[in-house]
Amino acid sequence: MEITKFLKHNYRHFNAAALIDAAEAYKAHVESGKKMMITLAGAMSTAELGISVAEMIRKDKVQIISCTGANLEEDLMNLVAHSHYRRVPNYRDLTPEQEWELLEKGLNRVTDTCIPEEEAFRRLQKHVFQIWKDAEDKGERYFPHEFMYKMIQSGVLEQYYEIDPKDSWMLAAAEKNLPMVVPGWEDSTMGNIFASYCVKGELKPSTMKSGIEYMTFLADWYKKNAGTDGVGFFQIGGGIAGDFPICVVPMLYQDLEYTDVPFWSYFCQISDSTTSYGSYSGAVPNEKITWGKLDIKTPKFIVESDATIVAPLMFAIILEK
């Protein structure tokens, strides 16, 4: 537990102390038998957060994930095309002309990292299209993440693996058939590609289960898994990955009028976005009380820092490293 010892000795105040408090509360939550949701916003997969998230999945420290469509696919892109990625450490200094050069080379930039279009997007596309088409021909419908699981489990991607498979959180999730919600999947690259096939008449939109169906799935999952104490909510970043699933609790007892639904029983958000003036797309913890998402007694934490730095450190404490 060298990492944990170092952190607890040095991280004593301010955001550093909040990191420790939130990690210890997370650890206590799952050790008491309660379940935890992790939400992945932004470009966490391209930041290779999968290295630590995969271990959390394998060690049963997370029971359900909510993520953007980008994070769903970009973990697999990194898995199959890692050697073709290009890092741009001086990305803050790029001119519009230099950005255009990256476009012409098929290099789509995510902060300091460029994803190679041919080796990443197109490599996945030809395989996932066949899985979409096979399902449609059989009259079957699945969620976006279920199609990705099918592609992983088919073994067609193994020929391309360029990183250690244990560092892919999607492989770990597929192995456990981890429940997942992927709100707003349509705005991802694979979502755009699927839509293009629908425009061309090669696929039907109905083959892909929708966001409303994700919400109804989550409502059923929460009812079955919350028990009397509720589920924990660990939010990495902001946006729809967190805003979508947290609403399931007020929906259950306000709109469906289920009177026995417990609040989320742990809440932590990691973000470097300022929470005032609407620049953060989700309410801060106390405000969530007014929306019927958190209880007065729910342990609540905010760590205002870069999630790519904070999350792996918190996971190290939870995993007793």
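Colleague: How many of the 8 residues of helix H8 are buried?
Modeller: This is a predicted model, in which local features need pLDDT of at least 70, side-chain atom pairs count only at pLDDT 80 or more, and totals for chains, interfaces and linings use all residues. Residues are numbered from 1 along each chain as its sequence is written, and side-chain values use heavy atoms, with hydrogens and water left out. Helices (H or I, at least four residues) and strands (E, at least two) are DSSP runs, numbered from the N terminus, while buried means under 20% relative accessible area, exposed over 50%, and partly exposed in between (1.4 Å probe, protein chains only). H8 is largely enclosed by the rest of the structure, because the number of its 8 residues that are buried is 6.

Colleague: Which residues of H8 are buried?
Modeller: The buried residues of H8 pack against E1, H3, strand E2 (64–67), helix H4 (69–81), helix H7 (144–154) and E6, where contact means heavy atoms within 4.5 Å. The residues that are buried in H8 are Trp-169, Met-170, Leu-171, Ala-172, Ala-173 and Ala-174.

Colleague: At what angle do the axes of H4 and H8 cross?
Modeller: Axes are lines fitted to C-alpha atoms, for helices over the stretch in contact, and angles run from 0 to 180 degrees between N-to-C directions. Angles under 35 degrees count as roughly parallel, over 145 as roughly antiparallel, 65 to 115 as roughly perpendicular and the rest as oblique. The axes of H4 and H8 come within 8 Å of each other, and their angle makes H4 roughly perpendicular to H8. That crossing angle is roughly 110°.

Colleague: How many nonpolar residues are there in the contact of H4 with H8?
Modeller: From H4, the residues Asn-71, Leu-72, Asp-75, Leu-76 and Leu-79 meet Trp-169, Met-170 and Leu-171 of H8. By class, Ala, Val, Leu, Ile, Met, Phe, Trp, Tyr, Cys and Pro count as nonpolar, Asp, Glu, Lys and Arg as charged, and the others, Gly among them, as polar. The contact of H4 with H8 has 1 polar and 1 charged residue, and its nonpolar residues number 6.

Colleague: Where is Asn-177 placed?
Modeller: Most residues other than glycine have a negative phi. Just after H8, however, Asn-177 takes a positive phi of about 50°, although Asn-177 is not a glycine. With a relative accessible area of 54%, Asn-177 is exposed. Its place is the loop between helix H8 (169–176) and strand E6 (180–181).

Colleague: Is the crossing of H6 and H9 left-handed or right-handed?
Modeller: Helix H6 (residues 117–137) and helix H9 (residues 189–199) have axes that come within 11 Å and cross at roughly 50°, which makes H6 oblique to H9. The contact is made by residues including Phe-121, Leu-124 and Trp-132 of H6 and Met-190, Ile-193 and Tyr-197 of H9, and the residues of this contact divide into 9 nonpolar, 2 polar and 1 charged. A crossing is left-handed if the near helix is turned anticlockwise from the far one by less than a right angle, and right-handed if clockwise. For H6 and H9 the crossing is right-handed.

Colleague: How many residues apart in sequence are the parts that Lys-27 and Glu-320 tie together?
Modeller: A salt bridge is a side-chain nitrogen of Lys or Arg within 4 Å of a carboxyl oxygen of Asp or Glu, and the side chains of Lys-27 and Glu-320 meet in one, at 2.9 Å from N to O. Lys-27 lies in helix H2 (residues 14–31) and Glu-320 in the segment after helix H14 (307–318), so the pair ties together parts whose separation in sequence is 293 residues.

Colleague: Which helix holds Glu-99, the salt-bridge partner of Arg-109?
Modeller: The side chains of Arg-109 and Glu-99 meet in a salt bridge at 2.7 Å, N to O. The pair ties together parts that are 10 residues apart in sequence, because Arg-109 lies in strand E4 (residues 107–110) and Glu-99 in helix H5 (residues 96–104). Arg-109 is partly exposed, with a relative accessible area of 32%, and Glu-99 is partly exposed too, at 27%. The helix that holds Glu-99 is H5.

Colleague: How many salt bridges does a search of the whole structure find?
Modeller: Among them is the pair of Lys-166 and Asp-167, whose closest N and O atoms are 3.5 Å apart. Salt bridges that share partners also join Lys-27, Glu-31 and Glu-320 into one network. Over the whole structure, the number of salt bridges found is 16.
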